[in-house]
Amino acid sequence: MSTDASNEVRLAAESAASRTSRKAAAVAVAPPAGKPPVNEPTQRRKGLSERDRPLWMLIPGGALMLIIIVVPLVLGIYMSTLNLDQYTLRRWISSPFIGVENFVEAVTASPLLHAVWLSVSYSLLAMVVTLPLGIAAAVATQNAFKGRAVVRSIFLIPYVLPSFVVATVWRTMFQPDGIIDRALGTVGIDTGLWLNGPQSFWTLVLVQIWASWPFIYLLALSGLQAVDHEVHEASALDGALWWNKLRYVVFPYLKGPLSLAFLIGMLHHINNFTLPFVLFGVPAPSDVEVLPILTYVTSFQSFRFGLSAAMAFISLVLVAIPLFVYLRAVKLDDAETPGGKK
């Protein structure tokens, strides 16, 4: 009886050990709680599909960019190599091929360089004035006060108005015997012609400043929101003067937004066609014949389509140079920042 009992105990122990080992093996290979078992080949195929999916999603945007940007750019570059005018327009792409003659004529025998100088100078003057205006308005409306929302809304009026509306209103005001001449005449100031002659350049600068300073104001205000409140408190406790506070506390936070605002503003002013076109009409005075106006007149009044295409390509290069420099500087700044991509 003792032998049979020991055999039964041994068999029971072996059976329990076997069940325990099978359970441990099942737990080891079981998937995590709440997740069904996944077949390895299926998981690999699914991963490849998810990795390739973003490339497929780029097709609609890429096709739209190809049709709207790349194709017209290629056609414009090809047109700049043709002798395309009102006599050869019917043949269009079959017009006589003249190579770089349009570019040579644009640089040497046309007022292109003068137009480039006017565009860059008036854009630079407008930005030099709008930067301090925008910063001052942003600093003035940063802190809460009664009626701040109304003041901010008034500041944005020049920015939300369309360019042709702004130009039409100012053109009416600058007419001879208009409201500006009458207002200045009451204090004995003889203004002369605003929309013709050398004074038209300063008219363009003035109107551009009025129309574009709220853009600087918005970006400066967004930069001020990033200033830590504790920094303001620390500078106040240290007894910092308002100028030192602006110079060493506020301005470092505005470096990035204002650099971007300066670049975008310059490029916008150089390419601005609506404002000078509506303000002065065509043909515009030579003192305000900026690059977009010159390109328009060459194309649709002189009917030198090949020459105007060459001018448009030169203006594209002119705009691309500062943009490339800025993007390069931003990339280098990110690389030097701890944690940035190199």
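In the predicted model, the elements of the chain run α-α-α-α-α-α-α-α-α-α-α-α-α-α from the N terminus on, giving 14 helices and zero strands. Among contacts with a separation of 6 or more, 69% are accounted for by residues 24 or more positions apart.

The largest nonpolar core comprises 24 residues, of which Trp170, Phe174, Leu204, Val207, Leu279 and Phe280 touch the most other members. Two or more residues are contributed to this core by each of helix H4 (112–140), helix H7 (163–173), helix H9 (199–224), helix H12 (274–280) and helix H13 (291–300), with H9 giving the most, namely six residues. When residues up to four places away in sequence are not counted, Leu204 touches Tyr122, Leu275, Pro276, Leu279, Phe280, Val288 and Val290. Apart from this core lies another, of 23 residues, which includes Ile216, Ala220, Leu263 and Val319.

Ser110 counts as buried because its relative accessibility, 16%, falls under the 20% cut-off. A polar atom of the Ser110 side chain lies 2.4 Å from the backbone oxygen of Ala106, and, with neighbours within four places in sequence left aside, Ser110 is in contact with Glu105 and Met311.

Definitions and conventions. Residues numbered from 1 in each chain as written. Predicted model: local features only at pLDDT ≥ 70, side-chain atom pairs only at ≥ 80, totals over all residues. Heavy atoms only, no water. Core = buried A, V, L, I, M, F, W, Y, C linked by side-chain atoms within 4.5 Å. Buried < 20%, exposed > 50% of the residue type's maximum accessible area, 1.4 Å probe, protein only. Helix = DSSP H or I, 4+ residues; strand = E, 2+ residues; numbered from the N terminus. Contact = heavy atoms within 4.5 Å. Polar contact = N/O pair within 3.5 Å; in protein donor to acceptor, adjacent residues only side chain to side chain.
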